[in-house]
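Thanks for making the time this morning.

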Amino acid sequence: MNRQVTKTAQLTGASLGTFDYVIVGAGSAGCTLANRLTANPAVRVCLLEAGGADKNPMIHAPVGFAFMGDKARENWSFDTVPQRHLNNRTGYQPRGRVLGGSSSINAMIYIRGFQSDYDNWAALGAEGWGYADVLPYFIRTENNERGEDAYHGTGGPLNVADLRSKNPLCEAFLEAARQLQMPMVEDFNGPALATPTGEGFGFYQVTQKDGKRCSAAKAYLEPVRTRQNLCVITHAHAEKILFEDGAAKGIQFRRGRETQTVFADGEVILSAGAFQSPHLLQLSGIGPGAHLRDQHIDVRVDNPAVGNHLQDHLDYCLLRTSASPDAVGLTWPMVKRALPSLLAYRRGGNGPFTSNLAEVGGFLKTDPGEAIPDVQLHFLPALVDDHGRKKHFGGGFSCHACVLRPKSEGTVRLASPDPHTAPAIDPNFLSDGDDLTRLVKAARQVERLFEAPALKTLSTGQLYLPESAEDDAIIADIRARADTIYHPVGTCRMGPAGNSVTDPSLRVRGVDRLRVVDASVMPALISGNTNAPTIMIAEKAADLIAAQSAQSRAA
C-alpha cells in the first residue's frame, strides 16, 4: 500500500496502524531520518508533521526568507517568557511549521562550526561525537558544487552552493574588512575552521540548488516520497507519547478535529526541535518531577535535565541607512528592478531573488588572547530589524553579531498540560555577564567595520545609537533590542548518566524504545549556524539505529 500524505483516504480512523519507527517532526532531522531509515525496504516509517506541505513560493525563492519570520502559517511564531536581562521584554522565536521545518524558513547558511566544538562534545561525555567521528557524516550529507576534497562531499542529498548573484554592498563589507587588515576565508567549512585559529571573513555557502532553497524536505524527503514503506502525515500535532510495559509504543496526535494514534514496533523518535521535543517529553510524564506534578501530569521518569540547558545565540544588530541603489528595501531603485529580477529568477534561477540576504559575514575574536573566534557576524544589504517585523522606508545595511559560545542557559517548561498550548520558553539571555561583555566588544568591532572607508562612504546615518556611543549606551540598546538569531539547542542533551536526557546513542534515559534526534541533543551550542549540524546528527543517528536494530535481531 502506498502510504503518502496525498492519499488522505488511507489516513482516516482512530489508529493508523503499526510501523517500525514513528518520527515526530519533519524538520531538518526528521526528513533526514525518514530518508535514511526507509532506504531499507523492510523498514516501515511513519513521519508526523504538525504543519503542511512546503508549497508556499516564498519558501523556495531564497529572498522570501525575509518574509517568513513574521507570523507566516509555516511558522510556529513562539514567544519567550519575559527576559529579565532584556528589560523584561518578550522575545520572539520563529520555528518552522512545515515540511522541512526550520530549514524551510531559515537563511540557508551552511556552517558546521569549529573542530573544537565537537571535541568538546566528546569531552562532555558524548562518546563517539568528536570531530573525527562527525566529519564523515557532514561529508556524506553534501553535494558541494565546489567539488569533493578532504572536508567536502559530492553526491549527497543536501546541495551546497555558492551564491549565484552577490550584492555589491556585501562586496563592500568585505572590502571594509580588508581595509582593517582582517583575514579573508574562502571556505568556512574547510581547513580554516578545523584549525585552532579560524578567524576571517567571506561569503557564506548556502543550501540552494539552481538558485532555489534546498531545504531538508527538498533534499531528503521529496526524492523518496514514492517509497512504499514511508507514510508522511501532515497537519498532525503530536499530543503525547504512548507507553506499554515501560517502553514507548506510539504517538497520540490531533489531525483536524480527530484524535488519532500510530504505533511503533521498533522505536518512537522525537525530532521536534529544541522547544517541542522536551515539551512532548514533559507532556508524556518525562521531566522535572515537581514541575510535572504542578501541571497535574503523572511522573513516569523524574529527570530534571529535560528542558534544561537551553542555549541560543543572542543577536545584536547595528543598522545604517544608505542611499546606495544596491540596498534592498522599499526604495525606488529596488521597485524599478523588481520585475526584471523576478523574470531573471523564474527564467534561469539568477538575480536578486536568489539572495539569502545574509550573504556574507565572518568569525572574529573580541580579544587577541582568545584561542578561537568567540563572535560571528552576519552582514545584510538591507535594514533587517526585529526579525524583519519592523519595516523601514528607504535603504540601508545591517550587521548582526552574536557570541558563539554563550554561558547563559535557560529552560523549556510546560505552560499548561494542554498539548496545544505553546511551551514556556526562557532562554535566560545575558544571565551570565560574560555574554554581555563579549557582545559589547562585538558591537565595537562592527562599528569599526562601518567606519572603514568602504562602508562609511555608503552610509547616510545610523539607527538607534548616537554617534560615538559610550559602552553604557550600547548596553542599553542591547537590552532594548537584542533577540535570538534562531539557534536553540541543548534541552534534551546527550551525555553521561546523571546530567543528561539522552545517552550518546540518543536514547532517552529511563524508558525503552524512545529516542531524540534533533538539535536538542547537542551537549553544547556549536560555534555557528545549527542547520547543517542538525542534519549531521540525524545522519549519524540513522546509522546508530540501524546498527542497534541489527544487534537486536541477532541477539
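Predicted model: local features only at pLDDT ≥ 70, side-chain atom pairs only at ≥ 80, totals over all residues.

Asp162 is partly exposed, with a relative accessible area of 33%, and I use that word for anything between buried, which is under 20% relative accessible area, and exposed, which is over 50%, with a 1.4 Å probe and protein chains only. Its partner is Arg146, with which Asp162 forms a salt bridge whose closest N and O atoms are 2.8 Å apart; the criterion is a side-chain nitrogen of Lys or Arg within 4 Å of a carboxyl oxygen of Asp or Glu. Asp162 sits in the loop between strand S6 (158-160) and helix H5 (168-179), while Arg146 belongs to the loop between strand S5 (142-144) and S6, so the pair ties together parts that are 16 residues apart in sequence. Arg146 is likewise partly exposed, at a relative accessible area of 36%.

Residues are numbered from 1 along each chain as its sequence is written, and side-chain values use heavy atoms, with hydrogens and water left out.

Which side chain does Arg438 meet in a salt bridge? The partner is Glu370, at 2.9 Å from N to O. Arg438 lies in helix H11 (residues 433-451) and Glu370 in the loop between strand S17 (360-364) and strand S18 (375-380), so parts 68 residues apart in sequence are tied together by the pair. Helices here are DSSP runs of H or I with at least four residues, and strands are runs of E with at least two, numbered from the N terminus. Arg438 is buried, with a relative accessible area of 18%, whereas Glu370, at 23%, counts as partly exposed.

A further salt bridge joins the side chains of Arg481 and Asp385, at 4.0 Å from N to O. Since Arg481 lies in helix H13 (residues 471-481) and Asp385 in the loop between S18 and strand S19 (395-403), this pair ties together parts that are 96 residues apart in sequence. Both Arg481 and Asp385 are buried. Salt bridges that share partners also join Glu370, Asp374, Lys407, Asp434 and Arg438 into one network, and the structure holds 26 salt bridges.

Let me turn to helix H10. Its 17 residues, 332-348, should span 24 Å at 1.5 Å a residue, and the end C-alpha atoms are 25 Å apart, which agrees; the expected span is 1.5 Å times one less than the number of residues.

Finally, the whole chain. There are 14 helices and 24 strands, and buried residues make up 61% of the 555 residues. A compact globule with 555 residues would have a radius of gyration near 24 Å, and the chain has 23 Å, which agrees; the radius is taken over C-alpha atoms, and the rule is 2.2 Å times the number of residues to the power 0.38.
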